[in-house]
Amino acid sequence: MSDIYIYNTPVPVGKAVSIKIPIARLPSHTLIELPVYVFRGKTDGPGLLLTAGIHGDEINGIEIVRRLINENYLMPDIGTVIAIPLVNVYGFIFNSRNLPDGKDLNRCFPGSANGSLANRMAHILMTEILPHVHHGVDFHTGGDRIANFPQIRCNLDHVKNKELASAFGAPFIVNTELIDKSFRKEALKTGKSILVFEGGESLRLDEHAIAEGKAGVRRIMHYLKMRDQEEKKQIPITIKSTTWMRTKDSGIFNPFVISGSKVVKNQPLATITDPYGESQVTIKSPYDGYIIGLNNMPVVNSGDALIHVGK
């Protein structure tokens, strides 16, 4: 078996190699690099990519991949694991979802070598990393104040993605369409299956989400026969469609349910009250389902997304 090369750096069989790919410099002229960790087994086999921090403020995914590296779990018996704990270093520094050019990296794929900063970073992932893998998990969290219950997002019409999602074994598999210019969609065009894991909220560590993410990676490595060690299986609940419950009224949001819980049609989920005790509006579930996301902000405005219900 021959070496594989990432950014002109050889990765021999049976070795773990750390590669730093230069991205650009800050205005201070400080160099920003993309750290890539490559773990190559003693026998050729599947290539698995683990990425986190494409949005720089989504910390849980970064911690999932970091812990797996720190626990020396990612060296496979067969195949290759490529782990990038923090893709968007710029966003991480500034507690920001986006890059300094204001662009969302996950809406800039496949990118270009001579485009904006976001496009250049996307191009590096597509040309230097993606050719060496067959499957991947891209770790994300909910947005500002929005906590997602641990879930895998995939398009259920793609059989291989559905199989991988089941193998990962997150509490929920949520059927989602592919988003234009996202990493997942552009990877699929090249024949690569990328799952998206969502867990917790931005800028806040969530130990449950971290534990579910780590367990899912261990399950998928076993499923791909990359390691013999087997993780306890978990049968996911499949969510075929979802609805964000939005408030028509501003006020104080008091939820009665917790994320991950089962609900029934017309079940009271929360109230919106004014600060003076003069009004109260009850929000009810539109159908039988599960709570897969919850707004943690108690003061809300008309139109805010409050509760994500999955059918």
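**Group meeting: a walk through the predicted model**

Thr80 touches Ile4, Val38, Phe39, Arg40, Pro46, Gly47, Leu48 and Met226, leaving aside residues up to four places away in sequence; contact here means heavy atoms within 4.5 Å. Thr80 lies in strand β6, residues 78–84. With 9% relative accessibility, Thr80 counts as buried. That word means under 20% relative accessible area, while exposed means over 50% and partly exposed lies in between, with a 1.4 Å probe and protein chains only.

Before I continue, the conventions. This is a predicted model, in which local features need pLDDT of at least 70 and side-chain atom pairs count only at pLDDT 80 or more, whereas totals for chains, interfaces and linings use all residues. Residues are numbered from 1 along each chain as its sequence is written, and side-chain values use heavy atoms, with hydrogens and water left out. Helices (H or I, at least four residues) and strands (E, at least two) are DSSP runs, numbered from the N terminus.

I turn to helix α1. How many residues does helix α1 have, and how far does it reach from its first C-alpha to its last? Helix α1, residues 59–70, has twelve residues and reaches 16 Å, close to the 16 Å expected at 1.5 Å a residue; the expected span is 1.5 Å times one less than the number of residues. Ten of the twelve residues of α1 are buried, so the helix is largely enclosed by the rest of the structure. Among the buried residues are Ile59, Ile62, Ile64, Val65, Leu68 and Ile69, but also Asn60, Glu63 and Arg67. Just after α1, Asn72 takes a positive phi of about 55°.

Next, the salt bridges. The criterion is a side-chain nitrogen of Lys or Arg within 4 Å of a carboxyl oxygen of Asp or Glu, and by this rule the count comes to 14 salt bridges. In one of them, the side chains of Glu58 and Arg97 meet at 3.4 Å, N to O. This pair links distant parts of the chain, 39 residues apart: Glu58 is in the loop between β5 (43–52) and α1, and Arg97 is in the loop between α2 and α3. Glu58 is buried, with a relative accessible area of 2%, whereas Arg97 is partly exposed at 31%.

Arg204 and Glu201 also meet in a salt bridge, at 3.3 Å, N to O. Arg204 is exposed, with a relative accessible area of 53%, and Glu201 is buried at 9%.

Arg218 forms a salt bridge with Glu231, the closest N and O atoms being 2.8 Å apart. That pair also links distant parts of the chain, with Arg218 in helix α6 and Glu231 in the loop between α6 and β11 (237–239), 13 residues apart. At 16% relative accessibility, Arg218 counts as buried.

I come now to the backbone. Most residues other than glycine have a negative phi, and most peptide bonds are trans. Which residues does a cis peptide bond join? The bond joins Phe109 and Pro110, with omega about 10°, and Pro110 is in the loop between α2 (89–93) and α3 (117–129). Arg145, a residue other than glycine, has a positive phi near 75°. Arg145 sits in the loop between β7 (135–140) and β8 (146–154), and is partly exposed, with a relative accessible area of 36%. Asn266 likewise has a positive phi, near 70°. The loop between β14 (262–263) and β15 (268–273) holds Asn266, which is partly exposed at 48% relative accessible area.

I close with the surface. Phe92, Ile93 and Phe94 form a nonpolar patch with about 300 Å² of accessible area together. Patches are made of residues with over 30% relative accessible area and no salt bridge, joining like charges within 9 Å and nonpolar side chains (Val, Leu, Ile, Met, Phe, Trp, Tyr) within 5 Å. The areas come from the Shrake-Rupley method with a 1.4 Å probe; for residues, only the protein chains shown count as cover. Ile93 is in helix α2 and, at 42% relative accessibility, counts as partly exposed.
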